[in-house]
Amino acid sequence: MRILITGGAGFIGSHLCDKYVKEGHTVVCLDNFMSGDLMNVRHLLDYRTFKLIKGDIRDFELLEKIMRDVDVVFHLAAQVHVDRSYVEPRLTYDVNVIGTQNILEVARIYDVKRVIHASTSEVYGSAQYSPIDEDHPLNAPHPYGASKIAADRTCYAYIQTYGMDISILRFFNIFGPRQRDQGYGGVISIFTRRVLNNIPPIIYGDGLQTRDYTYIEDAVKAYDLIFNHESPIKEPINFGSGKEITILDLANKIIEMCGKKEDMKSIHVEARIGEVNRLIANSAKARDRLGWDPNYDLDKGLHKFVQWYRNYGMVDRIKI
Ligand SMILES: NC(=O)c1ccc[n+]([C@@H]2O[C@H](COP(=O)([O-])OP(=O)(O)OC[C@H]3O[C@@H](n4cnc5c(N)ncnc54)[C@H](O)[C@@H]3O)[C@@H](O)[C@H]2O)c1
């Protein structure tokens, strides 16, 4: 198969590049390095079957050039950060909505067999009921979530209008090796970096907001089940553990796992506007239709991640 992975130099995309290059597929990784990192895919550059293209999903002509012979697209490229979406809403919509429409349109023109689109649980907003299933109203209170809703609806329009095989994956928070640990990064990576450097985690508000975490290997497993699924899915599917943890408890767990329990306490700062209070997944559809069940609970994933971070995490990243 010839696979295009947009956002392939990012956290999740690079793990997909690893998997499919190692399985013998031809993988084209398209990334503009807005939040991706060369270090995530550098080890793949020696493979004849791996091609890295520095480019932008907003560049329609480029997509026309590189998607001609593609069988499957994993579309992950996005402006992914909620906080950044407050300060750069236009960029967020350009990339997440127009960029996604470009991918779908070129996939339509060249009869791409399957598009696997990375949506997010952030489309739901705070839970009106828990756990959240795919019928939950889409109430994202921030530009990031709103742009992802627009992208999801655009996928739906292409499914309905052109009968295309498009899956819409709604992951609740994913964590693991290679997730950004500074600035616009993931909370588990940021907390781990701070704690291992003897700096307390910063918590917005009281820290009682909850999230549902999935380890990266289980996310890759979910992508692969969709990739190999015989019949088209053509609808949104939630992926999460079904277990919630408060940010405060998460910070304490990381402090303990990093061996700093005695002398470290989190710092609380003002709550963020539009912050979602509660997110817990109902993944019944993923289990029933795909047979997906996570292998990692939070503790097992955190142990593996903290161990990785101690060995490989605290290094300079490479920008190109
Ligand atoms: N990490 C999570 O917890 C999570 C949860 C749910 C959904 N998602 C979705 O999964 C996808 C990947 O997220 P991630 O966590 O790996 O983030 P990431 O920031 O590591 O990856 C996104 C990648 O897209 C690239 N990119 C951004 N704009 C681009 C553009 N215009 N053209 C080409 N490439 C561009 C970035 O450089 C980066 O490499 C995103 O669509 C995100 O919304 C992530």
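Predicted model: local features only at pLDDT ≥ 70, side-chain atom pairs only at ≥ 80, totals over all residues.
**Helix packing and the ligand shell**

Residues are numbered from 1 along each chain as its sequence is written, and side-chain values use heavy atoms, with hydrogens and water left out.

The angle between α6 and α10 (residues 298–313) is about 55 degrees, and their axes are 11 Å apart. Axes are lines fitted to C-alpha atoms, for helices over the stretch in contact, and angles run from 0 to 180 degrees between N-to-C directions. Helices (H or I, at least four residues) and strands (E, at least two) are DSSP runs, numbered from the N terminus. The crossing of α6 and α10 is right-handed, that is, the near helix is turned clockwise from the far one by less than a right angle, anticlockwise being left-handed. Helix α6 (residues 187–196) also packs against α8 (residues 247–257), with axes that come within 10 Å and cross at roughly 40 degrees. This angle makes α6 oblique to α8. The crossing of α6 with α8 is right-handed.

The ligand is surrounded by 29 residues, each having a heavy atom within 4 Å of it. The closest are Phe11, Asp31, Ser35, Tyr144 and Ile174. By class, the shell holds 15 nonpolar residues, ten polar and four charged; Ala, Val, Leu, Ile, Met, Phe, Trp, Tyr, Cys and Pro count as nonpolar, Asp, Glu, Lys and Arg as charged, and the others, Gly among them, as polar. At least two shell residues come from each of α1 (11–22), β5 (114–120) and α5 (143–162). Strand β5 gives the largest share, three residues.

Polar contacts (pairs of N or O atoms within 3.5 Å) are made to oxygen atoms of the ligand. A polar side-chain atom of Tyr144 lies at 2.6 Å, an N or O atom in the side chain of Lys148 at 2.8 Å, and a polar backbone atom of Gly36 at 2.9 Å. On its own the ligand has 830 Å² of accessible area (Shrake-Rupley method, 1.4 Å probe), of which the protein covers 94%.

Two backbone features lie in loops. The peptide bond from Ser130 to Pro131 is cis, with omega near -10 degrees, and Pro131 is found between β5 and α5. Arg178, a residue other than glycine, has a positive phi near 85 degrees and is placed between β7 (174–175) and α6.

Definitions and conventions. Polar contact = N/O pair within 3.5 Å; in protein donor to acceptor, adjacent residues only side chain to side chain. Parallel < 35°, antiparallel > 145°, perpendicular 65-115°, else oblique.
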